[in-house]
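Here are some notes to read beside the structure. Please go through the points in order and find each residue in the viewer as it comes up.

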Amino acid sequence: MAYRRLSSLLSGSFSASSNSAAYLLSLGRNSNFGGGISRFSTAASLEAPITPSVQINHTQLLINGQFVDSASGKTFPTLDPRTGDVIAHVSEGDAEDVNRAVAAARKAFDGGPWPKMTAYERSRIIYRSADLIEKHNDEIAALETWDNGKPYEQAAKIEVPMLTRLLRYYAGWADKIHGLTVPADGPYHVQTLHEPIGVAGQIIPWNFPLLMYAWKIGPALACSNTVVMKTAEQTPLSALYVSNLLHEAGLPPGVLNVVSGYGPTAGAAVASHMDVDKVAFTGSTATGKIISELASKSNLKPVTFELGGKSPFIVCEDADVDQAVELAHFALFFNQGQCCCAGSRTFVHERVYDEFVEKAKARAMKRVVGDPFKTGVEQGPQIDSTQFEKILNYIRSGIESGATLETGGERVGTKGFYIQPTVFSNVQDGMKIATEEIFGPVQSILKFKNLDEVIKRANTSPYGLAAGVFTKDIGTANNLMRALRVGTVWINCFDTFDAAIPFGGYKMSGHGREKGIYSLNNYLQVKAVVSPVDNAAWL
Ligand code: NAI
Ligand code: MG
């Protein structure tokens with residue numbers, strides 16, 4: 001299929017396939033990553049969205065290596081968040097389709113070639129998949145921007161290259177998974193076999209559709225499980241495209257099945273299926289609780305959860321204020337503020353507080369909001385009308401509860417789901433904007449006096465996903481990294497994601513770790529094998 005290079009069709013084209021890891025890692029050290037500096041877009045520039053020319057070839061469910069209609073024949077629309085217009089109608093999977101997908105995954109696991117293949121062969125298929133994805137980087141990025149609304153530059157330079165990188169990371173693991181020989185108190189030979197769990201059910205959200213996809217399928221496939229993936233109803237397109245490439249790379253039928261559809265139907269069917277051996281989920285804590293219940297009421301399948309967050313970003317008194325402002329801005333506003341780990345409670349020491357607030361406001365006012373296909377745009381629309389309304393409600397609640405609205409607070413334009421970068425100062429701990437996940441471009445700045453106080457306040461949250469610490473003092477950094485009850489502490493950087501760095505939550509932000517060596521535990525079980533040894537002298 002001939003695809004036109006999208007980047008050449010955009011105003012002011014740019015090279016799309018740069019090194020994502022280097023790009024991301026540089027965010028911690030370089031305060032000039034923000035792109036163009038101009039006041040956020042006016043409505044006029046949003047009236048004529050750029051139409052990407054990428055072709056949509058896959059809108060059916062992918063079951064047993066084939067694209068097929070849903071059993072019911074139903075479809076659902078997926079929307080362009082820039083306008084609310086329909087991009088495509090996608091086959092809508094529900095319980096019957098999940099049954100078919102699970103049956104295919106079961107067959108591919110129990111009798112199929114996947115777990116029986118040599119680890120090296122599995123590894124090579126995953127490597128080949130990554131090569132194909134890399135080749136189609138720009139088309140996949142265009143699809144993602146269209147369906148999700150994130151800036152194309154970020155999709156093309158960060159998200160898709162990271163998908164490629166993650167698959168290569170896991171391809172590297174596939175032939176390095178093995179058990180141990182264990183010393184026992186007796187004349188026995190004891191060994192452990194590290195075996196796949198079986199059919200993995202995976203339910204992912206819409207904020208980073210391809211990263212969530214990679215974090216889930218990567219370890220599952222490396223450990224030779226088979227997969228039934230339920231994508232988010234807001235963003236079904238990219239996973240279908242990419243999964244097709246995996247099959248082109250040689251993935252056998254039934255190993256990876258993709259069922260698009262809604263949560264309470266398709267998602268619930270995955271979570272409660274008796275023949276799904278494990279479920280992994282990323283999304284809201286509320287939905288996590290439902291999935292946990294469905295999993296335990298059915299076959300007590302183990303669950304891995306990556307849920308919500310209300311992450312503190314702590315600016316200490318010794319901080320370089322300009323750098324801290326830039327990093328705190330990035331920590332909150334990246335990806336339209338739709339990050340589970342967003343630095344959504346910006347704690348600033350009283351000595352630098354006033355200067356910080358003034359500069360954070362100025363930085364937010366310079367944020368470039370606009371059509372995500374335009375070069376230099378930092379912020380596109382929110383994902384859908386539900387999230388858009390929810391965020392505007394939180395902004396109203398911030399105003400009503402007495403926080404100071406420094407800038408923003410309104411929608412941008414009249415179409416689509418764009419929201420002004422919004423900054424609140426004088427935020428108090430008990431306010432809704434300081435306790436609940438807003439998942440939008442709304443920064444809440446809180447003042448603190450000393451470290452003991454800020455540790456206590458930062459930890460006063462049911463969530464414990466991540467934290468940012470901004471300080472030049474090694475003692476302060478050492479103290480905070482231990483005291484904060486969270487799964488990730490970023491010191492003088494934020495959102496530094498690497499395939500090898502584990503990610504996951506304390507408390508109600510979830511359990512289990514994704515990425516890195518720890519992620520393999522979620523997709524393996526350990527079999528102990530014991531046999532007597534006749535001659536004790538050998539022990
Ligand atoms: P959600 O948690 O309901 O949806 C995430 C995934 O779960 C989607 O694939 C959805 O179809 C599925 N799902 C929904 N209900 C289900 C059910 N009963 N059984 C099985 N699967 C189900 O999140 P939603 O409604 O899209 O967003 C609501 C809030 O969740 C956001 O405002 C944000 O605060 C949070 N969220 C957190 C994310 C994270 O990365 N931790 C990602 C997306 C949302
Ligand atoms: Mg969409």
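**Notes on the predicted model**

1. Start with serine 91, which is part of strand β4, residues 86-91. The model is predicted. Is serine 91 buried or exposed? Its relative accessible area is 5%, so serine 91 is buried. Apart from neighbours within four places in sequence, its contacts include Thr59, Gln60, Leu61, Val68 and Asp69. Ser260 is another residue in contact with serine 91.

2. The next point is the division into domains. The domain assignment gives domain 1 as 58-307 and domain 2 as 312-491. Taken over C-alpha atoms, the centres of domain 1 and domain 2 are 31 Å apart. In the contact between them, 24 residues of domain 1 meet 28 residues of domain 2.

3. How much area is buried between domain 1 and domain 2? The value is about 2,100 Å², and carbon and sulfur atoms give 61% of it. Pro81, Arg82 and Trp206 supply 29% of the area that domain 1 buries against domain 2, which is more than any other three residues. The size of an interface is often given in this way, as the accessible area lost when the parts come together.

4. Charged and polar pairs across this interface can also be counted. One salt bridge is found between domain 1 and domain 2. Aspartate 371 and arginine 82 form a salt bridge, with their closest N and O atoms 3.1 Å apart. Eight residue pairs are in polar contact between domain 1 and domain 2. On the side of domain 1 that touches domain 2, α4 (137-148) and α5 (152-174) each supply at least two residues. The most comes from α4, with five residues.

5. Salt bridges in the model as a whole come next. Side chains of opposite charge can pair when their charged atoms come close. The count of salt bridges is 23. One of them joins aspartate 277 to arginine 106, where the closest N and O atoms are 2.9 Å apart. Aspartate 277 lies in the loop between α8 (263-272) and β10 (278-282), and arginine 106 lies in helix α2 (residues 95-110), so this pair ties together parts that are 171 residues apart in sequence. Arginine 106 counts as buried because its relative accessibility is 15%. A network of salt bridges links Arg106, Asp110, Asp275 and Asp277.

6. Glutamate 233 pairs with lysine 230, the closest N and O atoms being 3.5 Å apart. Glutamate 233 is partly exposed, at 24% relative accessibility, whereas lysine 230 is buried, at 2%. Lysine 359 pairs with glutamate 355, and here the closest N and O atoms are 2.8 Å apart. Why are lysine 359 and glutamate 355 separated by about one helical turn? They are four residues apart in helix α11 (residues 350-366). Both are partly exposed, lysine 359 with a relative accessible area of 28% and glutamate 355 with 38%.

7. Now consider a charged residue without such a partner. Lysine 301 sits in the loop between α9 (285-297) and β11 (303-306). Lysine 301 is buried but has no salt bridge. Which side chain of opposite charge is nearest to lysine 301? The nearest is that of aspartate 277, 8.3 Å away. What the side chain of lysine 301 does reach is the backbone oxygen of alanine 271, at 2.6 Å. The backbone oxygen of histidine 273 is 3.0 Å from a polar atom of the side chain of lysine 301. Beyond four places in sequence, residues that lysine 301 touches include Val270, Ser272, Val276 and Ala295.

8. Last, check two backbone angles. Leucine 300 is not a glycine, yet its phi is positive, about 55°. Leucine 300 belongs to the loop between α9 and β11 and is exposed, at 64% relative accessibility. Lysine 507 is not a glycine either and has a positive phi of about 50°. Lysine 507 lies in strand β20 (residues 506-507) and is partly exposed, with a relative accessible area of 30%.

Notes:
Residues numbered from 1 in each chain as written. Chains lettered and ligands numbered in written order. Predicted model: local features only at pLDDT ≥ 70, side-chain atom pairs only at ≥ 80, totals over all residues. Heavy atoms only, no water. Buried < 20%, exposed > 50% of the residue type's maximum accessible area, 1.4 Å probe, protein only. Lys, Arg positive; Asp, Glu negative; His and termini not counted. Salt bridge = Lys/Arg side-chain N within 4 Å of Asp/Glu carboxyl O. Polar contact = N/O pair within 3.5 Å; in protein donor to acceptor, adjacent residues only side chain to side chain. Contact = heavy atoms within 4.5 Å. Domains from an automatic or database assignment. Buried area = accessible area lost by both parts, 1.4 Å probe.
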